[in-house]
Amino acid sequence: MRKVILIIALVLVSNTIFAQSVFDKFDNQDDITTVIVNKKMFQMLSKVEAKDKETQQYINLIKKLENLKVFVTANDKKSDDMKSVADKYVRSAGLEELMRITEKGKNVKIYVKTGATDSQVKELLMFIEGSGKEESVLMSLTGTFELDELSSLTDKMKLPGGDVLKKAGKK
Amino acid sequence: MRVVAFLAIALSLLLFSCNSKPSLQKYFVDHQEKPGFMVVDISSNILNVNKAKLTAEQTKVLSSFNKMNILAYKLDPKHKGEFDIERKKVNEILKDTLNYQQLMKIGSGKNGASISFIGEEDRIDEFIIYGCKSDNGFAVVRIMGKDMNPADAMTMLSVLKSSNIDMKQLEPLKAIMK
């Protein structure tokens with residue numbers, strides 16, 4: 001009996017620890033700019049009444065989103081750290097590479113975890129590796145959405161690497 | 001039997017520890033008199049709207065909004081340590097995600113802003129906006145009401161547009177902006 005309680009306690013404790021994502025350690029660091037949008041925010045936004053069709057489209061997409069995390073840094077060391085964490089995560093979470101682009105000296109990699117169908121995305125991870133003065137960007141977006149819906153999101157939200165994501169959506 | 005007793009103790013400890021956590025309310029009360037801090041209460045009549053002109057929907061939305069509480073701390077270069085300590089205290093309070101559900105957050109280390117809320121997503125009792133700037137200070141804004149609904153945000157905006165904000169209530173804040 002005691003063992004059972006111990007196990008339950010352990011599970012509860014570890015749950016609260018693992019509920020945080022692997023990227024949360026980049027939060028609250030001086031050289032890293034963070035943007036985090038939580039599920040509740042998306043839920044609330046989706047309740048706002050839409051006046052026109054374009055906004056409605058946008059709101060329909062927002063309903064399907066859960067979590068957005070963006071980390072931006074110009075610090076080389078932090079950038080390397082981000083890269084290794086992202087690489088590790090891609091392997092452990094079973095993400096597939098969607099595309100890889102080298103543009104203006106920037107390395108952009110996009111990974112996805114697909115859902116029921118090939119075009120349905122459960123998770124999108126993007127890493128833009130900047131060199132020198134260019135900033136590195138790590139972006140993680142979770143939810144259940146269609147790849148081609150992304151373009152309306154990138155248009156409205158002005159996400160980093162939006163133009164690249166747009167290309168990915170058209171594939 | 002021993003198991004039940006153990007569980008009861010564990011649970012009571014858990015609940016107790018929840019209760020003894022510092023709340024924002026307490027933080028506001030504890031710090032309003034301290035040097036460097038400023039607390040301002042703003043009631044909903046600051047909007048100074050002509051209630052006769054409002055639609056039924058607008059009136060309903062306006063009545064769900066109660067008051068606003070602002071706490072601001074201005075950084076004193078002589079007491080840099082104090083700023084760090086107080087900033088951390090507020091961060092600790094807001095980290096309690098059981099009470100304060102975070103909506104979004106933006107920032108880098110010492111600079112940043114976040115929005116959280118208390119209540120359920122379509123019946124919100126309180127919005128908390130926190131902002132911090134490493135060379136300026138920090139501020140916490142609590143927007144309190146009863147059953148505020150984010151779906152009404154647009155209606156609230158229309159009320160704000162027809163409002164005639166009473167600047168006198170904001171006067172104390174000017175001092176800290178300087």
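Q: How are H3(B) and H5(B) placed relative to each other?
A: H3(B) and H5(B) are roughly perpendicular, a label for angles of 65 to 115 degrees. Helix H3 (residues 56-64) of chain B packs against helix H5 (residues 153-161) of chain B at an angle of about 95 degrees, with their axes 9 Å apart. Axes here are lines fitted to C-alpha atoms over the stretch in contact, and angles run from 0 to 180 degrees between N-to-C directions. Helices (H or I, at least four residues) and strands (E, at least two) are DSSP runs, numbered from the N terminus.

Q: Where does all this come from?
A: This is a predicted model, where local features need pLDDT of at least 70, side-chain atom pairs count only at pLDDT 80 or more, and totals for chains, interfaces and linings use all residues. Residues are numbered from 1 along each chain as its sequence is written, and chains are lettered from A and ligands numbered from 1 in the order in which they are written.

Q: Back to the helices: which residues in H3(B) meet H5(B)?
A: Glu57(B), Gln58(B), Val61(B) and Leu62(B) do, and they meet Thr155(B), Met156(B), Ser158(B) and Val159(B) in H5(B). Contact means C-beta atoms, placed from the backbone, within 7 Å.

Q: New topic: how many residues does each chain put into the contact between A and B?
A: Chain A gives 19 residues and chain B gives 16 residues. On the side of chain A that touches chain B, S1(A) gives the most, with 6 residues.

Q: And which strand of chain B does S1(A) pair with?
A: S1(A) pairs with strand S3 (residues 101-108) of chain B in the antiparallel sense, over 4 bridges; pairing needs at least two bridges found by DSSP. Ile36(A), for one, has Lys105(B) as its bridge partner in S3(B).

Note on methods
Two residues are in contact if their C-beta atoms, placed from the backbone, lie within 7 Å. Angles under 35 degrees count as roughly parallel, over 145 as roughly antiparallel, 65 to 115 as roughly perpendicular and the rest as oblique.
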